[in-house]
Amino acid sequence: MTAALPRLYAHPFSSYSQKALVALYENDTPFDYRSLEDADASAELAAAWPMKRFPILVDGGHVVLEASCVVEYLDLHSPGPLRLLPTDAKAALEVRMLDRFFDNYVSTPIQQVVSDSLRHEGQHDPLGVIEAKAMLDTAYAWLDRHMANREWAAGNAFSLADCGAAPFLFYADWTHPIDPRFGHVHAYRRRLLARPSFARAMDEARPYRHCFPLGAPDRD
Ligand SMILES: N[C@@H](CCC(=O)N[C@@H](CS)C(=O)NCC(=O)O)C(=O)O
């Protein structure tokens, strides 16, 4: 009897889902894609995780929450040729630090701007949007210096940090365009978009572009 595959509850258009998908595609890891387009999959997600945030990974009796932990779990339990967390603890710390940077200072302000656009009249938070865009500008400026002499976000190899950077910088430029003076950020974004794992995730998300609340630009 063959063991059941780990089940990923995710949606193709969701940035955090793409973070996990990039990790899976990097190593061609077999998994059962429970797309949240399917009502049954949504009900299973709600039963497994009352926050209903995604992605989550369900592997046998384990429910793994949080995209970064999904990637770390896969790296431990289904390792492929590309290790997304270096085995060296100090190198792994740098990867986790950059992963936190992309979650907290790129993805979070994107979500703030996008969520505000979905609010009803009279419930908007214009100051929150200004502050979120200012945070993105600060993140772009810091990242531009950080990426000046490197190919990937941490160390010399593609890692967990790049798995998140790909979707977050993709949507960041749609949400609050990255100033052309941040050439290193633009070059890094282009490298991420050309990476086959993310190109695949991006292609799977194309049919949903009309769902982008701020209006998707006619470009990647
Ligand atoms: N901290 C979570 C964030 C996940 C998250 O916010 N996912 C979004 C989709 S990209 C979501 O679940 N949105 C639905 C909601 O907020 O109810 C993680 O790292 O996985």
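Leu74 is buried, at 6% relative accessible area (buried means under 20%, exposed over 50%, partly exposed in between, with a 1.4 Å probe and protein chains only). Leu74 sits in helix H3, residues 67-77; helices here are DSSP runs of H or I with at least four residues, strands are E runs of at least two, and both are numbered from the N terminus. Bear in mind that this is a predicted model: local features need pLDDT of at least 70, side-chain atom pairs count only at pLDDT 80 or more, and totals for chains, interfaces and linings use all residues. Residues are numbered from 1 along each chain as its sequence is written, and side-chain values use heavy atoms, with hydrogens and water left out.

**Around Leu74 and Thr29**

- Setting aside residues up to four places away in sequence, Leu74 touches Leu24, Thr29, Leu57 and Pro79 (contact means heavy atoms within 4.5 Å).
- Leu74 and Leu84 are 10 residues apart along the chain, and their C-alpha atoms are separated by 9.0 Å.
- Thr29, one of the residues touching Leu74, lies in the loop between H1 and strand E2 (32-35).
- Thr29 is buried too, with a relative accessible area of 10%.
- Leaving out neighbours within four places in sequence, Thr29 is in contact with Leu24, Leu74 and Ser78, so Leu24 turns up in the contact lists of both Thr29 and Leu74, given the 4.5 Å limit.

**Helix H4 and Asp116**

- Asp116 belongs to helix H4, which covers residues 89-118.
- Despite being an Asp, this residue counts as buried, with 10% relative accessibility for Asp116.
- Not counting residues up to four places away in sequence, Asp116 touches His124, Asp125 and Val129.

**Helix H8 and its cover**

- Helix H8 takes in residues 196-205, and its buried residues are Ser197, Phe198, Ala199, Ala201, Met202 and Ala205.
- Among the elements covering those buried H8 residues are helix H1 (15-26), helix H6 (160-175) and helix H7 (183-194).

**Cysteines**

- Searching the whole structure turns up zero disulfides (a disulfide is a pair of cysteine sulfur atoms within 2.5 Å).
- The reason for Cys69 is distance: its sulfur is 13 Å from the closest cysteine sulfur, in Cys163, which is too far for a bond.
- Cys163 is likewise in no disulfide, with the sulfur of Cys69 as its nearest cysteine sulfur, 13 Å away.
- Cys69 is partly exposed at 41% relative accessible area, whereas Cys163 is buried at 0%.

**The chain as a whole**

- The protein chain has eight helices and four strands, and along the sequence they run β-α-β-α-β-β-α-α-α-α-α-α.
- For 220 residues, a compact globule would have a radius of gyration near 17 Å, and the chain agrees, at 17 Å (taken over C-alpha atoms; the globule rule is 2.2 Å times the number of residues to the power 0.38).
- The C-alpha trace spans about 55 × 45 × 30 Å along its principal axes.
- Of the 220 residues, 48% count as buried.
- Take the contacts between residues at least 6 apart in sequence: 70% of them join residues at least 24 apart.

**Surface and charge**

- The accessible surface comes to about 11100 Å², with 55% of it belonging to carbon and sulfur atoms (Shrake-Rupley method, 1.4 Å probe; for residues, only the protein chains shown count as cover).
- There are 22 positive and 29 negative side chains, and the centres of the two sets lie 3 Å apart.
- In that tally, Lys and Arg are positive and Asp and Glu negative, while His and the chain ends are not counted; each charge is placed at NZ of Lys, CZ of Arg, CG of Asp or CD of Glu.
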